[in-house]
Amino acid sequence: MSFVNGNEIFTAARKGHYAVGAFNTNNLEWTRAILKAAQEKNTPVLIQVSMGAAKYMGDYKLVKSLVENEMRVMNITVPVVMHLDHGNYEAAKECIEAGYTSVMFDGHDLPFEENLEKTKEIVALAHAKNISVEAEVGSIGGEEDGIIGEGELADVEEAKKIAATGVDYLACGIGNIHGKYPANWKGLHFDRLKELADVIEPPLVLHGGSGIPQEQVVKAIKMGISKVNINTECQLAFAAATRKYIEAGKDQQGKGYDPRKLLADGAQAITDTVEEIIDWLGTPAVK
Ligand code: G3H
Ligand code: ZN
């Protein structure tokens, strides 16, 4: 099964008022755990890698070959999108060359006109190879792998201009935050989401999906969110299961120190978390 681009999957999601999960991979265990969950749920899935995670794993080509070869040995039959997450201009071009089927050009920290021009260029390069493009307007609060945002709400007029470049899906700042949400977080800005969804045709993307109360995610999906990005939630689940393994002293029993054993509970916790989130998102099974 080869990769697919995101157009069909996310356009259908917008029409059907459900969402498809976009899960960050960080290594081999993450890659297998996410693919296992999608196959068990028989749903499409997007696997994404940040610039930092790709550097940690090796490079963009290595990450792509890891995912596609895990799909081969695991006999994955569901549609999988290979996506660059929060890419800068160079990274987006490099992943287009490397054969990713979807790339995010995150120009939120650039002057708007420069974000617009560079988005146009990336769309032209990507669409020439039938690759989907995600762009960002406003910014997501908090920090994602070195990408820092103030959490500016997306400006509707700017969003319309970026959408007019032909991007396939659009990430908008609606009060969402990367990483853990502070106790005093005011919730998603649904008024702004409605204003955006009323005028933006492409599917909308919710970043910082980890830690948002389920009812707010479900409401946002009904209003036009079709792609939900998740990273921290899986990292927390992995760490908690691995801590439990260690605190139970299992690493000191027999060959419990073997990484294939030591990392197994954590990996299963990622799979369980991804499956639970796929249920939230209402992603229908592949026919
Ligand atoms: O792009 C990746 C996501 O926005 C992840 O956010 O770590 O808060 O789930 P999260
Ligand atoms: Zn993000």
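Select Glu 136 in strand 5 (residues 132-137); strands are DSSP runs of E with at least two residues, helices are runs of H or I with at least four, and both are numbered from the N terminus. This is a predicted model in which local features need pLDDT of at least 70 and side-chain atom pairs count only at pLDDT 80 or more, while totals for chains, interfaces and linings use all residues. Residues are numbered from 1 along each chain as its sequence is written, and side-chain values use heavy atoms, with hydrogens and water left out.

Glu 136 has a relative accessible area of 1%, so it is buried (under 20% relative accessible area; exposed is over 50%, partly exposed in between; 1.4 Å probe, protein chains only). Beyond its neighbours within four places in sequence, the contacts of Glu 136 include His 86, Asp 106 and Leu 170 (contact: heavy atoms within 4.5 Å).

Asp 106 sits in the loop between strand 4 (102-105) and helix 6 (112-127).

Now show the side chains of Asp 106 and His 86, which a polar contact of 2.7 Å joins (N or O atoms within 3.5 Å, one able to donate a hydrogen and the other to accept it; residues adjacent in sequence count only if both atoms are side-chain atoms).

Finally, select the zinc ion (ligand 2): His 86 (NE2), His 178 (NE2) and His 207 (ND1) are its protein donors, 2.1 Å away (N, O and S atoms within 2.8 Å of the metal, or 3.2 Å for Na, K and Ca; water is not among the atoms, so sites may look incomplete). His 86 in strand 3 (residues 80-87) and His 207 in the loop between strand 9 (204-206) and helix 9 (214-223) are 121 residues apart.

Conventions. Chains lettered and ligands numbered in written order.
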